[in-house]
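The model is a predicted one.

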Amino acid sequence: MSKQTVIFDFDGVINSYTSRWQGADIIPDPPVEGIKEAITEVRKHYRVVVVSSRCYKPGGIEAIKAWLKKYEIQVDDVTDEKPPAVVIFDDRAITFDGNTTGLLDKIKAFKPWNKQ
């Protein structure tokens with residue numbers, strides 16, 4: 001039986017992304033503290049796939065793969081297609097709870113973890 005998939009966004013989740021966007025193939029920042037160990041643990045139970053907006057730009061997938069190799073972070077795939085997944089880890093997401101009231105307010109008030 002194959003493992004179910006967990007998706008990790010790259011920037012702000014795996015890569016600390018403190019220098020902000022400098023190009024799809026320019027990734028100067030180190031990993032988020034503890035992410036290597038966390039992904040290693042998750043991979044014992046799930047298939048880990050990295051999906052990023054970088055993947056839609058020329059050289060983006062290759063740059064992410066090279067960065068992951070540099071920091072010895074093992075994942076199962078890096079892709080520009082979001083596969084079916086059990087859960088997605090993303091620093092720029094709001095969990096939808098079935099209640100449509102106040103969605104615009106949630107959007108306007110949103111801050112990623114590193115800006116709170």
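**Sheet, core and aromatic pairs**

Four strands form an open sheet in the order E3-E2-E1-E4, with parallel pairing. Strand E3 (77–79) and strand E4 (87–89) stand at its edges; each has a single partner strand, so one side of each is left without a neighbour in the sheet. From one strand to the next, the twist averages 25°. Strands of a sheet pair through backbone hydrogen bonds, in either a parallel or an antiparallel sense. Here E1 and E2 pair in the parallel sense over 5 bridges, and Ile-7 has Val-49 in E2 as its bridge partner.

Two helices lie across these strands. H1 lies across E1 and E2 and runs at about 165° to E1. H2 lies across E2 and E3, and its direction is at about 150° to E3.

Leaving aside its neighbours within four places in sequence, Ile-14 is in contact with residues including Phe-8, Ile-35, Ile-39, Val-50, Trp-67 and Leu-68.

The aromatic residues can be considered next. A pair of aromatic rings is described by the distance of the centres and the angle of the planes. The structure holds 3 aromatic pairs. Phe-8 and Phe-89 form a stacked pair, 4.8 Å centre to centre with 25° between the planes. This pair links distant parts of the chain, as Phe-8 is in strand E1 and Phe-89 in strand E4, 81 residues apart.

In another pair, Phe-10 and Trp-67 have ring centres 5.0 Å apart and planes at 90°, so the pair is edge-to-face. Phe-10 lies in the loop between E1 and H1 and Trp-67 in helix H2, so this pair ties together parts that are 57 residues apart in sequence. Phe-10 counts as buried because its relative accessibility is 0%; Trp-67 is buried as well, with a relative accessible area of 4%. Ring pairs link Phe-10 and Trp-67 with Tyr-71 into a cluster.

Conventions. Residues are numbered from 1 along each chain as its sequence is written. This is a predicted model: local features need pLDDT of at least 70, side-chain atom pairs count only at pLDDT 80 or more; totals for chains, interfaces and linings use all residues. Side-chain values use heavy atoms; hydrogens and water are left out. Contact means heavy atoms within 4.5 Å. Two strands pair if DSSP finds at least two bridges between them. Axes are lines fitted to C-alpha atoms, for helices over the stretch in contact, and angles run from 0 to 180 degrees between N-to-C directions. Rings of Phe, Tyr and Trp (its six-membered ring) pair if their centres lie within 6.5 Å; planes under 30 degrees apart count as stacked, over 60 as edge-to-face and the rest as tilted. Buried means under 20% relative accessible area, exposed over 50%, partly exposed in between (1.4 Å probe, protein chains only).
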